[in-house]
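Please open the model in your viewer and keep the sequence beside it. The tour starts at one pair of residues and then widens step by step.

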Amino acid sequence: MAFIKHTKTLITTAVVSCTIAFSASSDDITFTEESDFQLGNLSAVEYDPITGALVLSDTGSTFPVLWVANAGEDSVSKIDTDLDCETARYPTWIFSNFHGAYSGPAPSRTAVDVEGNVYVANRHFDGKPASVMKILAEGGIDRNGNGVIDSSIDANGDCTIDRNDPAEFNLPVDLNGDGILQNNEIVDERIAWVSQVGPSGGLGRSLCIAVDGNIWLGLFNRNQYYRVDAADGSVLNGPYDTGSNRPYGCLVDGDGILWSATLSSVMAVLDTNMVGEGENPFLGNKGILASGYGIALANDKVYFGNSGSDFNEYDPNAAEGAAPANDGDPLTGSFTRSPGFNTQYGITADGDGNLIGGRSTVIKTAPDGTRLWMTPNPTSSSVGVAVDSNQNVWVMGLNSNNVAKFDGETGNQLLIKTVGRNPYTYSDSTGFAARNITDRTGIWTVTADSGVEGSQWDSITWNQEADGNVPADANIRMRYRTADTEDALPLRNYTDTTNGATGLNAQGRFVQLRVELRPNDDDETPVLSDVSINELEDELLCDINLDNVVDRFDINMIRMANGPAAPDDPADIDGNGVVNTTDMRRCVAECTFARCVPGPVID
């Protein structure tokens with residue numbers, strides 16, 4: 001059994017959603033050539049000229065968004081890492097006076113899922129239970145029923161959010177005066193929910209996303225983990241005791257193994273797959289070479305930033321003592337320490353498996369421990385570090401209330417930007433780990449324009465060409481949403497569909513597709529050769545005998561025509577040059593009468 005799969009990644013620019021509209025004059029819109037696929041946004045997928053199709057890149061990607069938890073003012077900043085702008089800021093608790101990073105609610109951990117949504121945990125040094133909040137990447141909950149999503153925006157376009165401007169920052173209202181944020185007190189409509197987890201004083205210092213998309217929250221003062229529902233914030237399972245280990249940060253690999261830092265010389269390990277069996281998923285602990293602080297996954301290894309010395313790396317598949325290599329036990333691997341005095345606090349991995357971290361300096365280190373560059377940190381000493389969609393590096397100035405950006409190749413400083421008070425953000429704050437390790441996902445998003453308001457969309461078909469292929473246990477997930485204006489698309493939820501299924505009952509001038517490619521355990525990629533979006537036909541496409549109904553006579557005519565199709569053969573319903581059971585099944589679904597009984601005789 002191998003752990004921490006899918007870690008060889010190189011980041012390319014990506015966006016959470018696409019608003020490039022492809023105009024079409026025909027009833028059906030088809031994407032099949034390289035130029036067609038380039039009309040959308042490709043994130044961790046690429047056009048393969050050999051197959052003439054989209055495949056997963058050998059390297060990965062993440063979203064061009066950094067989420068910065070501002071511990072001293074109980075908020076989280078949303079940074080567009082392409083534009084270098086703060087585009088939104090969200091309160092994580094009821095307003096209080098500014099405070100230090102280690103008092104009050106004090107958010108610090110953020111985790112981004114494969115949809116781009118962020119979860120932020122308040123530690124709560126105020127003695128209240130730890131709390132978790134979900135903020136949506138797009139769309140929202142129209143709580144006041146005014147038909148729009150009222151949310152934080154950069155209203156004046158200065159690339160910074162003014163928390164004193166109600167047009168830019170929406171504080172919650174403590175309706176019952178109890179000092180605890182409840183869902184009915186949330187004002188910003190992009191905040192989906194807030195949930196308190198565990199007993200008072202638990203101190204939520206560990207937050208990560210599992211393979212199933214749900215959240216694991218660790219309570220430092222209780223030595224426990226809880227499993228939290230990503231959909232509504234309810235506690236699904238737990239608490240799970242971790243012995244004497246205090247959760248201080250976590251990541252989950254592609255096999256569902258949760259690796260936990262503990263702010264001590266011990267690593268804790270849990271198997272998130274075991275919750276369905278009613279067992280305690282805590283597998284045990286293992287001593288490391290120094291006090292572990294930050295945590296990263298890359299190169300099939302676990303890395304721990306050290307609060308005072310070089311980082312440590314743990315290979316769970318290496319032999320230790322009498323234990324054989326790859327024995328399936330994540331606790332029988334081997335620890336080594338990075339050479340070269342590459343001191344780290346927070347730590348993360350880039351797309352090539354290099355390690356980046358630092359405090360008063362920022363250091364990039366190759367997997368073999370070779371230092372690639374080192375540069376002074378122009379902010380205050382940092383504990384948070386992240387890699388963005390262009391593989392540039394961001395560090396958080398904990399005491400200087402700003403963030404700094406560095407060129408990932410050279411280490412040259414690119415930007416210093418003010419954010420909220422005491423930015424902490426030691427976690428998967430860009431979703432890189434979730435997108436490339438926990439649940440490797442390539443995304444192609446495209447918007448098509450029919451040119452006609454109220455267009456009726458009937459079906460989406462794909463892989464009709466011979467090169468299309470989905471290996472066993474790999475997956476292509478197709479979702480769509482429609483609207484009469486592009487601006488309205490982000491306010492709609494995506495809907496899943498299956499290949500060729502008719503009756504989408506979707507209406508709107510614009511249709512947006514989100515296509516997700518996932519490999520199997522052998523890392524074989526699905527191959528997407530073509531996609532067609534089909535409008536509802538005015539005529540009965542399956543009415544082969546032209547009697548104005550679709551019934552068993554038409555189905556039998558398709559059955560008898562089985563085989564290669566002549567040009568414009570009416571029995572070749574999907575137009576792929578072959579008449580087969582696929583055409584029959586589609587027409588059975590469109591029969592005019594139940595059970596495809598014959599229609600009335602036409603004289």
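Select Leu251 first, and then look across to strand 18, where Trp259 stands opposite Leu251. This is a predicted model, in which local features need pLDDT of at least 70, side-chain atom pairs count only at pLDDT 80 or more, and totals for chains, interfaces and linings use all residues. Residues are numbered from 1 along each chain as its sequence is written, and side-chain values use heavy atoms, with hydrogens and water left out.

Next, select residues 257–261, which make up strand 18, and follow the 4 bridges that join this strand to strand 17, the two running antiparallel. Strands here are DSSP runs of E with at least two residues, numbered from the N terminus, while helices are runs of H or I with at least four; two strands pair if DSSP finds at least two bridges between them.

Finally, show the whole protein chain, which has 4 helices and 42 strands. Its C-alpha atoms fill a box of roughly 90 × 60 × 50 Å, taken along the principal axes. If you colour by burial, buried residues (under 20% relative accessible area, with a 1.4 Å probe and protein chains only) make up 57% of the 603 residues. Among contacts (heavy atoms within 4.5 Å) between residues at least 6 apart in sequence, 60% join residues at least 24 apart.

Terms used. Buried means under 20% relative accessible area, exposed over 50%, partly exposed in between (1.4 Å probe, protein chains only).
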